[in-house]
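I have put each cut-off beside the term it belongs to.

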Amino acid sequence: MTDTLHYEIVSPERLLKDAEAAMIVVPGADGDFAALPGHAPLMSTIRPGVVEIFEDEGAQPSRLFVKGGLAQISPKGLTILAEETIDLSAVNTDELKQKITDTREDIEDAKDDIERAALEKELAWMVALAEVVAA
Amino acid sequence: MPSLKDLKVRISSVKSTQKITKAMKMVAASKLRRAQEAAEAARPYAERMENVLAGLGAAVKDQPGASPLLAGTGKDDVELVIVATSERGLCGGFNTNIVKAARAHIQSLVKAGKTVKILCIGRKGYGLLRRTYGDKIIGHKDMSAIKRLGFADAHDIAADVLAMFERGEFDVATLFYAKFQSALVQITTKQQLIPAPLPEVANENEAGDELQGAIYEYEPDEGAILDDLLPRNVAVQIYRGLLENAASEQGARMTAMDNATRNAGDMIANLTITYNRTRQAAITKELIEIISGAEAL
């Protein structure tokens, strides 16, 4: 058992991070979970939320917003297949609010269930992002 | 026999063509490097996705209620053929080769009595297919406004394709694109997108080391993870195809323009020889005239 956890964050466009950390908090679909070194093998989908990376115990975590994806913990470490990541410092709150209202309107005007489902998915991550930024 | 002036004009026009092809070759070379980097950067995600799918898919595929994206709709009457080509020409046989492969595939499907629907990505393929299969084309994605291909672009295309699939508009989807091997070699590839093909057994062994070595806990459960993963896999595969295509296009253009530059060089050499010979002939003729005139006196 090692003291640090090897982790990789991969987006479809590139390998975002490939490093070691003491602990990583992942927003799993069934609730947040913390991945520590030697965690049992696990595969979980991720809901829109913040991944917190603690490089040292007790240190300030670096935060990264993930739109959704899949986390896989294997004996080799943690792999996060992120759909898209957003830098929290670059979020424009007003723009985001406008987008949320727009999407809500679009959902009401949606022609069929398939379109509505797609829009609701979009709305879910925007709302989650707004909550994180507001907090 | 062209006059001296004609030859001179001709030489200078070929020279300016050569300058253009040379510049295009250099531009293609630098674009190729960027496209190649993008394709390589996207590889880790696709590979890990494949690993996860290989492990999960094999377990779930035969169970009843498996996602139609994996198990298929049980029919293969209607096939959607997605043809990815470039937006611009002057890249040798790049577009023609992709379209040729797609056309052969479409023909065999039509012969087997199946319905074919075509979705074109890129302007060139649309132009080539419109004449023969105009009635079968259901859509055309214009990528000319996109400067740098992002995952979001592929995601949009995938969303459209998946919406069509959910409405039951087709049973099988195949993607045609050119896989990049080197600047000289691009392999036209046919890839099935829906239902998702599981990686080959040989591949599974590699993935298996990582996956089957440990007993996984699934959250929420295998089925739900797959339902989430499979639509994303379609987008990832399309994205990968488009990236490979972009790199191939630049590679093909580089090769084509290199050939054109060399041909122009040969042509200039030939024309210069003819020009010099004609000039010499004119001088000799004048001399003969003067000498014979002097002798006659």
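1. Let me start with burial: a residue is buried if 20 or more other C-beta atoms lie within 10 Å of its own, exposed if 12 or fewer, and partly exposed in between, with the C-beta atoms placed from the backbone. Helices (H or I, at least four residues) and strands (E, at least two) are DSSP runs, numbered from the N terminus. Please keep in mind that this is a predicted model, in which local features need pLDDT of at least 70 and side-chain atom pairs count only at pLDDT 80 or more, while totals for chains, interfaces and linings use all residues. Residues are numbered from 1 along each chain as its sequence is written, and chains are lettered from A and ligands numbered from 1 in the order in which they are written.

2. With those terms in hand, take helix α4 of chain B. On the face turned away from the buried side of α4(B) sit the exposed residues B:A104, B:S108 and B:K111. The buried residues of α4(B) are B:F94, B:N95, B:I98, B:V99, B:A102 and B:I106. Viewed down the axis of α4(B), these buried residues fall within an arc of 100 degrees, so they line one face of the helix; the arc is that of the directions from the helix axis to the C-beta atoms.

3. How far does α4(B) reach from its first C-alpha to its last? The helix covers residues 94-111, 18 residues in total, and spans 26 Å, close to the 26 Å expected at 1.5 Å a residue. That expected span is 1.5 Å times one less than the number of residues. Just after α4(B), B:G113 has a positive phi of about 80 degrees.

4. Next, what does the buried side of α4(B) pack against? Its partners are β1, β2, α5, β4, β5 and α8 of chain B, where a contact means that the C-beta atoms of two residues, placed from the backbone, lie within 7 Å.

5. The loop between β1 and α4 of chain B holds B:T85. With 29 C-beta neighbours inside 10 Å, B:T85 counts as buried. Not counting residues up to four places away in sequence, B:T85 touches B:N95, B:I98, B:V99, B:I121, B:G122, B:K124 and B:G125.

6. The sheet of chain B is open, with five strands in the order β3-β2-β1-β4-β5 and mixed pairing. Two strands pair if DSSP finds at least two bridges between them. In chain B, β3 (137-141) and β5 (186-194) stand at the edges with a single partner strand each, so one side of each is left without a neighbour in the sheet. Neighbouring strands of this sheet are turned by 20 degrees against each other on average, direction ignored.

7. Within that sheet, β1 (residues 78-84) and β4 (residues 172-180) of chain B run parallel and are joined by five bridges. B:V81 has B:T174 as its bridge partner in β4(B). Helix α8 (residues 222-296) of chain B packs on the sheet and touches β1, β4 and β5 of chain B, its direction making about 35 degrees with that of β4(B). For such angles, axes are lines fitted to C-alpha atoms, for helices over the stretch in contact, and values run from 0 to 180 degrees between N-to-C directions.

8. Helix α6 (residues 151-166) of chain B contains B:A158, which is buried, with 21 other C-beta atoms within 10 Å. B:A158 and B:I238 are 80 residues apart in sequence, yet 7.1 Å apart in space, C-alpha to C-alpha. Leaving aside neighbours within four places in sequence, B:A158 is in contact with B:V234, B:A235 and B:I238.

9. On to the interface: 28 residues of chain B are in contact with 25 residues of chain A. The largest share of the chain B side, seven residues, comes from α8(B). Strand β5 (residues 42-46) of chain A pairs with β6(B) in the parallel sense over three bridges, and A:S44 stands opposite B:E219 in β6(B).

10. Finally, chain A has two helices and 10 strands. Of its 135 residues, 28% count as buried. In chain A, β3 (residues 23-28) and β6 (residues 49-54) run antiparallel, joined by three bridges, and A:V25 has A:E52 as its bridge partner in β6(A).
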